[in-house]
Amino acid sequence: MELIAIAFGAIFVNNVVLKQFYGLCPFLGVSTKKSSALSMGMAVTFVITLSTMIAYAIYFTVLIPNEIEYLSTIVFILVIASFVQIVEMFLKKFSPPIYSALGVYLPLITTNCAVLGVAIDTTVNSGRIFNLAEGVIPSFGQVTIYALGISIGYALVIFLFSAIREEMDAYPIKRNWQGIPIALMTAFIMAMIFIGFGGVV
Amino acid sequence: MKTLKLVGMLTLIVVSFSLLVWVANDVTAPIIAERKIIEANAAKFDVLPSLDATADADALDKNVTTYDLSGTSITELYVFEGKGYIYKAEFGGFASTIVYLVGVDTNNNVTGLKILEQNDSPGYGAAIGEAWFSEQFSTGKTAEGLQDGEFDGISGASATTGGFTGSINKVMSFHLTTFGGVVAETFEEKLARLSGELFPDAVFTDVTADNEASNAFEILFEAKIADDVVGYVYYIEAGGANYAAPTTHNHFLIGINKDGEFTGFSMIETTDTSGIIDYYKTTDFSDEFVGDSIDDLSIDADGGATETFNKIETAVKNAIVYHSANFSVITEGETEEQKFARLTTNIFGVYTDLEDITRDNPASHDIDKIANITNDGTYLGVSYFVEAKINDVVYKLVVGINPAGEVVGTQYIYEEDVYTEAEITAITDLVLVYHTANGLGRPVAPVLDDADLLLAFAGADHFVSIYDTLTYNSTIYNVYEAQDATDAVLGYVYHFKASGRSQSHIEIVYGFNILGSSVTIGVLTGDTESWDDAAFDFYTGGETWPNTTWLDNWENQVIDDIDDSQIDTVAGVTDTTGGVKAAIEEVIDFHKAEIIGGGS
Amino acid sequence: MAKHEKSLGEIFSNGILKQNPTFVQFLGMCPTLAVTKTVESALGMGAGVIFVLVMSNLVISLIRKYVPREVRIPIYIVVIASLVTVLEMFMNAFVPDLAAQLGTFLALIVVNCLILGRAEAFASKNGPVKSMVDGLGMALGFTGGITLIALFREALGKGSITVWGELSFQLIPDNFQISILVESAGAFLVFAILVATINKIRFNREERNEVA
């Protein structure tokens, strides 16, 4: 039950894009087509979930016991960068179809702040995210479900958003509102809708 | 070669930047750690500002448990070498447990106080959580001062203030004796010191065990100078202001010398509210006693502290009774009246007021004086001053008879007299004959106007007092038959008293019909304390005593239902409602026994 | 090769106006929306970005000749991440309240595209002085951008602007604030309107230039 609450909260209530403002650059940049948004969403889900698990393991088994948690930012970004690199190489070699679908988006993910943000939130800021007392370590299950929820929320919103933008292409928009401004306006309306989930959990 | 250069460069960069981060961490880590300690212990830093996050880090969360804290209200104790002490303590406020921290430095100066938890009523005890209350402890207060209650209490929140006064007193006493370099004065030492002030140069012997058990005192000392008894010191417990807390008490000493004069008064300890009790701790109050004869005590209440005063005065008077019964040296020139009063007081064991009724009764060769006896308004009975001639021997005796017509006790008018039991019985029999024949043993019943009685029985034409034919009951002033124009009995009206708040009496008229139901209730004199009006307003949602729906509950009820206590007292005004309820139940018992059971 | 050498003034103003990271390049969008609830946190974030961007541009420009091309990105990341960590430490030590307000976004300066972007596009090709000026210009442009957004959000959303807990200006009476603006969603709205307005001004000017 607790895990369901965490998942729902991560997907809807604290939606990574609309509420927490993580990963906005690719959100506004990539999500012009449904197909590319879907691929991006899948790639992000894969990277966020796995890199968060790795970050969790490193933080609580290496950094904390050795009292070098202040290195977390450096270590996490290196882990994410290397992990993305390895995934890219791996896909290129063993699964060319998936690579051709996702490959172009992978390098972008390194600088997607959602990945680093979730890694930091589930470790350094875990007390705030999971409402834990000081010194209590979140369970692996909690962290995994949270990361999965966040990335599903990301994929969901970016897909919905791209669908709206595809439709919008058919209509005339004033020149100064074209592109980013109208995208932001759309995001504003979606964010308003997502406020409604606030009362559920 | 190329690879080597890559790896080398990468390693160099990583190492040099790790070094940078490491240096930065070295600089900032202690500052961050210190800040976190201050944040986590903000309350402690507030009450003892000289604390240092680095130097005192270990002591901050080390609750020292090696001291005996029982009875001190202290729950946690922190010791900071060379800086001071922090106490966490708790006490019961009016509506909640209140938890606070207080800091004291090594010079016994109080450095700060913080209320951590309180949930008292807004507008009353909750004011303890307001900033002004805590702030007064930040500067200029000493542990000794707080021990003596030197701070501003919260007006309108006597219970909470009283609880705090008691708690802070115990905390500071613990501090001063444990860390403050003050050698603890034991209770015995304190008694000895203050007794010494009442009888300078005297040597004291505890004679409590040698004397009759009495609730007039807790401890009794005999004061001697060079083998001569110069007087006695009574250690007495009295109640305090009720609204502070039901357990409020005052412990004090009084000295009475061999001439029957007070040598002073000395408060030993009190849980009464500071402000109320202040005057009674002063030498001014003690001076009111000094030189007064025990037969003629004249002390005055401090304005606004009459309830405490009444409790103290009553306790002192009880001690006077005990003293005059056991130690009084009959002074030269004691008048017959004084002697009568003294001996009567001895018989009844509590301080008494005498109302001479000799002239209201038929003359008798054997009886010189007759008096109705009351204590604080309660009728105790009749006392007779007898000079009877039986078989040509003159017997002189004071005889006390209670309202039930039983002999309470006798006292010799001349101390040297010794009579046999048969002689005493002969005298008391003689008195009882006179007592019964003349219908004594009760005060003269006051007669109310019909207007007052109609409050209790509106349907009556006129009322006839029938109390003389019934047993006396100290709760009841008078009993009337309610009659119609043809003198047929419709019912009965009781005029009685109930105790209210603060020693006040409430006079009530209450009617019953002959079918066994109550009629109406009327309050003749409201509870005189304005507190009651305000309290009724507050607790019953705007109703004013005595015009309350609570009183209406008693009307038009079957007597048996009332007697089964189906009407509850009202929380917050239990003194008044409880007093009225108890009196009504007493009256109903009387009514059932005397009227219904009596075959009316 | 005759190449037009830009003056320091041009480099500086480039970041602030022509290539403004917030309103023209749309770089660093996450903090742009996340920390603009109050002017205070926007200024704090701006100060952090100024420090990191100027320092990283300086360091990268200094080591640019020794960095092998193949591993330049990992090295840039290490440099930036270290600088951000140092910044985090000092902010936690000396301005803990501000650090708490910025939260995770302080650490996320690491992945702010603006920083890595300037390292790659400018510092790796220019000398230390120019790189620092470029960093300062860009960072000030970013600070100005987010502070402008924060000004609108706080002024209209809360009715008053409070900086450092002391300076406070009441602009809109109580009960008349547009409180949605200080909600998360409001950030999108304010940003959208500001961008559209700036676009309008830019396009109008371009048209006039063309006519001229």
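1. Five strands of chain B form an open sheet in the order 11-12-13-14-15, with antiparallel pairing; strands are DSSP runs of E of at least two residues, helices are DSSP runs of H or I of at least four, and both are numbered from the N terminus. Two strands count as paired if DSSP finds at least two bridges between them. Strand 11 (353-356) and strand 15 (407-412) of chain B stand at the edges with a single partner strand each, so one side of each has no neighbour in the sheet. On average, neighbouring strands of this sheet are turned by 25° against each other, direction ignored.

2. The model is predicted: local features need pLDDT of at least 70, side-chain atom pairs count only at pLDDT 80 or more, and totals for chains, interfaces and linings use all residues. Residues are numbered from 1 along each chain as its sequence is written, while chains are lettered from A and ligands numbered from 1 in the order in which they are written.

3. Axes are lines fitted to C-alpha atoms, for helices over the stretch in contact, and angles run from 0 to 180 degrees between N-to-C directions. Helix 9 contributes Val321(B), Ser324(B) and Ala325(B) to the contact, and helix 10 contributes Arg342(B), Thr345(B) and Asn346(B). Residues are in contact if their C-beta atoms, placed from the backbone, lie within 7 Å.

4. A further open sheet of chain B has 5 strands in the order 1-2-3-4-5, and the pairing is antiparallel. Its edge strands, strand 1 (74-80) and strand 5 (141-142) of chain B, each pair on one side only. Strand 2 (residues 84-92) and strand 3 (residues 97-105) of chain B run antiparallel and are joined by 9 bridges. Gly84(B) has Asp105(B) of strand 3 as its bridge partner. Helix 6 (residues 158-178) of chain B lies across strand 1, strand 2 and strand 3 of chain B, at about 150° to strand 2.

5. Chain B as a whole contains 16 helices and 20 strands. Of its contacts between residues at least 6 apart in sequence, 52% join residues at least 24 apart.

6. The contact between chain C and chain A takes 33 residues from chain C and 32 residues from chain A. Helix 9 of chain C supplies the largest share of the chain C side, 11 residues. That side divides into 25 nonpolar, 5 polar and 3 charged residues; Ala, Val, Leu, Ile, Met, Phe, Trp, Tyr, Cys and Pro count as nonpolar, Asp, Glu, Lys and Arg as charged, and the others, Gly among them, as polar.

7. On confidence, the predictor gives the complex an ipTM of 0.85 and a pTM of 0.57. Chain C has a mean pLDDT of 86, and 97% of its residues reach 70 or more; pLDDT is the predictor's confidence in each residue, from 0 to 100.

Conventions
Contact = placed C-beta atoms within 7 Å.
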